Amino acid sequence: MQTKILSTSEYDISLAGKMIADGGLVAFPTETVYGLGANALDDEAVKSIYTAKGRPSDNPLIVHVSDKADIAPLVKEITPKAQALIDKFFPAPLTIILPKSEKIGKVVSGGLDTVAVRMPENETARRLIKASGCPVAAPSANTSGLPSPTKAKYVIDDMSGKIDAIIDGGDCAFGVESTVITLATETPTILRPGAVTREMIEAVIGRVDVARAVLEGMKNDEVAASPGMKYKHYAPKAKVVIVDANKKAYEDFVNARQDAFALCFEEDNITIPKVTFGRENDDLSQARELFDALRQLDEMGAKKVYARIPNATGVGMAVYNRLIRAAAFNIIDLKKPFFIGLTGQSGAGKGYVGKHLSALGFNVLDCDKFVKKIYDNNAELLQKLAAEFGNDILKGNTLDRKRLAEIAFSSKENTDKLNKIVHPEVIALCEKEAKPLAVLDAPQLFEAGAQSKCYKVISVVAPYDIRLKRIMERDKITKEQADARLNAQLDEEYYINHSDFVIYNNAEDVDIQIKKIMEEIL
């Protein structure tokens, strides 16, 4: 197909309108992003949108009108709240969902009983709709899954040869798609955030909910009631990972990643290749520049991208919503004290994994060393231990660690008592010493409840007989003492079920397992 590139002249708009009326596809600018339009009342024309985009057919489309009066025939009823929003905002980057009339087919609605309607603010868009003589169904004019286009050149890249025409109307003003709110539920609910914010809507119609899927992924059996909810969207070809951190922590983390790109704010001090998407405290600039930035990353050949997390309030909610989908919900959380919690069964080889992580540049905090520091320097703690386990655990003013171990590991009850006294002190000291990419090397991570302070947890497990032999040799203890110590610990199934990653220290190559885990985490 030969795709015509049209201007915004009266002649070209009239030509494009006739193309849509005749069942063709035309890409056109709106104030949000470029749309790919077809006659909303022509099921075959609408089907061709899905084909051109490679878009799943259960993803509903938005129907665009040029005049407020054109809405009534498309819906069963314009409710009082819908009318209030139309009166206040239209034309605007706002889409409302209502039960559909018989004029709307199943193709446009993605098989739902509702229709999404909006009146664009962009004058060129309204002129085109009026020239076509029909409501226009239009998703974003891009290959499904890629960043939505805010410039004509990106539409040309994606759609040339697939559609009848592209109207070059310059850059889009807002840069993210319209806000979508359903009024077909008991409480009006935002399904996709945009430039018209929750706060602006609530000022007109009162309480508004935000769908869980806006900031999280949809459940497998959940039906998409709005465009942009169900599938991975807006993504460049590179793998995008969001970094949840303050400015300094983000900069430190990203600058240490020499094999990647940064997607950051203009103010960020980044030494690796970067693309910016607006200013830190200006969510409108972030919205306007995000999709262009994602496209630029592809043009620069980026393979892996670490993105600065935006605030999820106001228009920032729309930016976060688009970015989290571009990242396929991959987020590294650096706000927690420890990047990785490393734990495992005694004698399983956790120490080897810790040394490997240290060689990779991680700040490994060995809890056993911090325990010794506490025992050597905390007289108040020693008195608590003596009161619980008897004075024979002390040699003068120092702790007889071997004697304490004999008593504490003789039963699960005694082990729990020791943990209750020592764990809070150890974790608090580790938090004070934690630096970026800190690893909490804690044999009793779960017993201390410290897994909640870690972004990811790695557990190391090994067969019982191997662990038994190792700790007998390492700690110079008898088989009976080793048995008692191992039996006082959590079983292998617990570690497996409560960890993000498990390293099996048996016949498998531990180094290969660590490498695979690091590739996934980072």
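A polar contact here is a pair of N or O atoms within 3.5 Å; within protein, one atom must be able to donate a hydrogen and the other to accept it, and residues adjacent in sequence count only if both atoms are side-chain atoms. The views below show a predicted model, where local features need pLDDT of at least 70, side-chain atom pairs count only at pLDDT 80 or more, and totals for chains, interfaces and linings use all residues. Residues are numbered from 1 along each chain as its sequence is written, and side-chain values use heavy atoms, with hydrogens and water left out.

**View 1. Glu31 and its polar partners.**
The side chains of Glu31 and Arg118 are joined by a polar contact of 2.7 Å. At 3.1 Å, the Glu31 side chain also reaches the backbone nitrogen of Asn122. Glu31 sits in the loop between β2 (26-28) and β3 (35-39); helices (H or I, at least four residues) and strands (E, at least two) are DSSP runs, numbered from the N terminus. With 4% relative accessibility, Glu31 counts as buried (buried means under 20% relative accessible area, exposed over 50%, partly exposed in between, with a 1.4 Å probe and protein chains only). Leaving aside residues up to four places away in sequence, Glu31 touches residues including Ala92, Pro93, Pro120, Cys172 and Phe174, where contact means heavy atoms within 4.5 Å.

**View 2. A salt bridge between Arg322 and Glu177.**
A salt bridge is a side-chain nitrogen of Lys or Arg within 4 Å of a carboxyl oxygen of Asp or Glu, and by this rule the count comes to 28 salt bridges. One of them links Arg322 with Glu177, whose closest N and O atoms are 2.8 Å apart. Arg322 belongs to helix α10 (residues 316-326) and Glu177 to the loop between β8 (165-167) and β9 (179-182), so this pair ties together parts that are 145 residues apart in sequence. Both Arg322 and Glu177 are buried.

**View 3. Glu413 and Lys417 along a helix.**
Here the side chains of Glu413 and Lys417 form a salt bridge, at 3.8 Å from N to O. The two residues are 4 apart in helix α15 (residues 412-433), which means that about one helical turn separates Glu413 from Lys417. Glu413 is exposed, at 54% relative accessible area, whereas Lys417 is partly exposed, at 30%.

The side chains of Arg474 and Asp475 meet in a salt bridge, 3.0 Å from N to O. Asp475 is partly exposed, with a relative accessible area of 26%. As for the network, salt bridges that share partners connect Lys247, Glu251, Asp268, Glu280 and Arg308.

How many disulfides does the structure hold? The number is 0, taking a disulfide as a pair of cysteine sulfur atoms within 2.5 Å. Cys134 is buried at 10% relative accessibility, and Cys264 is buried at 0%.

**View 4. Strand β22 and its parallel neighbours.**
Strand β22 (residues 454-461) is mostly covered, with 7 of its 8 residues buried. Two strands pair if DSSP finds at least two bridges between them. β22 runs parallel to strand β17 (residues 338-344), and 6 bridges join them; Gly344 has Val460 in β22 as its bridge partner. β22 also pairs in the parallel sense with strand β23 (residues 501-504), over 4 bridges. For Ile458, the bridge partner in β23 is Phe501.
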